[in-house]
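Thanks for coming. I have one structure to show today, and I will keep it short. Please have a look at the screen.

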Amino acid sequence: MNSFTYVEPAGVDEALAALVQYGDEAKLIAGGTGLINLMKQQLVQPSYLIGMRRLPLTTIAGNGELRLGALATLRALENSDLVRRQVPMLAQAIHLVATVRIRTQATIGGAVSHADPAQDTPPALLALDARVKIRSPRGEREVALDQFFTGYYETVLQPDELVTEVIVPAQPAGSSAVYLKFLPQTHDDYATVAVAARVAMAGGKLSNVRVALGAAGSTPIRARAVEDALTNQAPTLKNLREAAALVEGAVDPTSDFRGSAGYKREMAVVFVRRALEQALTAAGHKLA
Amino acid sequence: MKKITPRVNGQAQSREVPDNRLLIDFLRYDLGLTGTKEGCSVGVCGACTVLLNGQPVSSCLTLAVTADGAEITTIEGLARGDKLDPLQQAFIDYGGFQCGICTPGQIMAAKALLNSNPHPSKEEIQDWMMGNLCRCTGYYKIIESIQAAAEGKVRV
């Protein structure tokens, strides 16, 4: 690992001042489970590390709309009664991230800022219409998570910005969500493909459909073609099967030891269909 | 260089460390606590597990500067004089280790589990311990050892 100067601001304003002072020579560090590995591989070589551990951003709050402080650890979130009650799918997805040791250190702000396309938390948040709250010396802004990821490990974040909160809006009445992680090797592995799906019903037709995938391209992705094909349609097995097939055109997986690109594309179709079926079944809907 | 003052195994420590010192290197090289082992160096294998403020972390992914002011417990901090921790005794009585390289990490992870959940089910033990690899593949005995310690079956 390269040498660097570590600074530890006591508050968000001080952290923003440090970002301005050191510019793109600096990196923010929260849990460090992602960044330290990138630094060990010399893929990232910051001259300054800005430690976030003293920033007061660990609060998990909200009734209906959940506000998750950027420094809330994944373990705090999976164990949070608020998260479990309001968006159980998010708690279930987070429980599947790596191991308890990593979840103890890793944070929700890190999980989105790191922008690893294969992690579990981003697609789960995408399917729940999450937003990211961002601070900079220029002010505050919110970005919908589906506008946040721009490329492989890249986001819309500017060098003077930091994530303060991840916001999960109140979910549509009667909606149901499922996260499926295809793990053909070990349980602590990255997904071969992962799917988060949310559905609701309105007047006997599907509504508020969200389908998001991890490990299926250079960013976590939303499969809008699948969502659009199902909206206002009857919840039949045939409709789900035909819509799921459309995900083939939305994904762009790479071949690696977890499977060939072609295999992953086929598994994306299978797991999108299963996730939709399970979300509807879990909400008590019969599939014709 | 930064001065850090953590408490390690109940003892106050004060050391100057380079900003990029990893916690595992601080423990092993600066404090001579070589019980904590380094395996994969990327946070996967669990050999380097220590407790930071009571919580299990990978010391290979943790900067020593972020442990300033923290309470750190390593495998050396479990025994009280000649009296082993029940988990240590259980690993001996129930054959919870073979070559031994993963054992400090296994025991520290198990310690964190029993601290937060004193009577875990077998499934809860398996789920929690998934992040601690044993290349001798002695997992059954490790699980039995933790169950025995949790059930108060070992005498120390």
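Predicted model: local features only at pLDDT ≥ 70, side-chain atom pairs only at ≥ 80, totals over all residues.

For the complex, the predictor reports a pTM of 0.96 and an ipTM of 0.95. Chain B has a mean pLDDT of 97, with 100% of its residues at 70 or more.

Now the two chains. How many residues of chain B are in contact with chain A? There are 21 from chain B, and they meet 21 residues of chain A. On the chain B side, the element that gives the most is strand β6, residues 55-58, with 4 residues. Sorted by class, that side of chain B has 10 polar, 9 nonpolar and 2 charged residues.

Next, chain A on its own. Chain A is divided into domain 1, covering 5-51, domain 2, covering 60-168, and domain 3, covering 176-282. Taken over C-alpha atoms, the centres of domain 2 and domain 3 of chain A are 20 Å apart. The contact between these two takes 22 residues from domain 2 of chain A and 22 residues from domain 3 of chain A.

Which elements supply at least two residues each on the domain 2 side? In chain A these are α5 (88-95), α8 (121-127) and β8 (149-151). The largest share of that side comes from α8(A), with 5 residues. By class, the side of domain 2 of chain A that touches domain 3 of chain A has 15 nonpolar, 4 polar and 3 charged residues.

That is what I have; questions are welcome.

Conventions: Residues numbered from 1 in each chain as written. Chains lettered and ligands numbered in written order. Contact = placed C-beta atoms within 7 Å. Nonpolar A, V, L, I, M, F, W, Y, C, P; charged D, E, K, R; others polar. Domains from an automatic or database assignment. pLDDT = per-residue confidence, 0-100.
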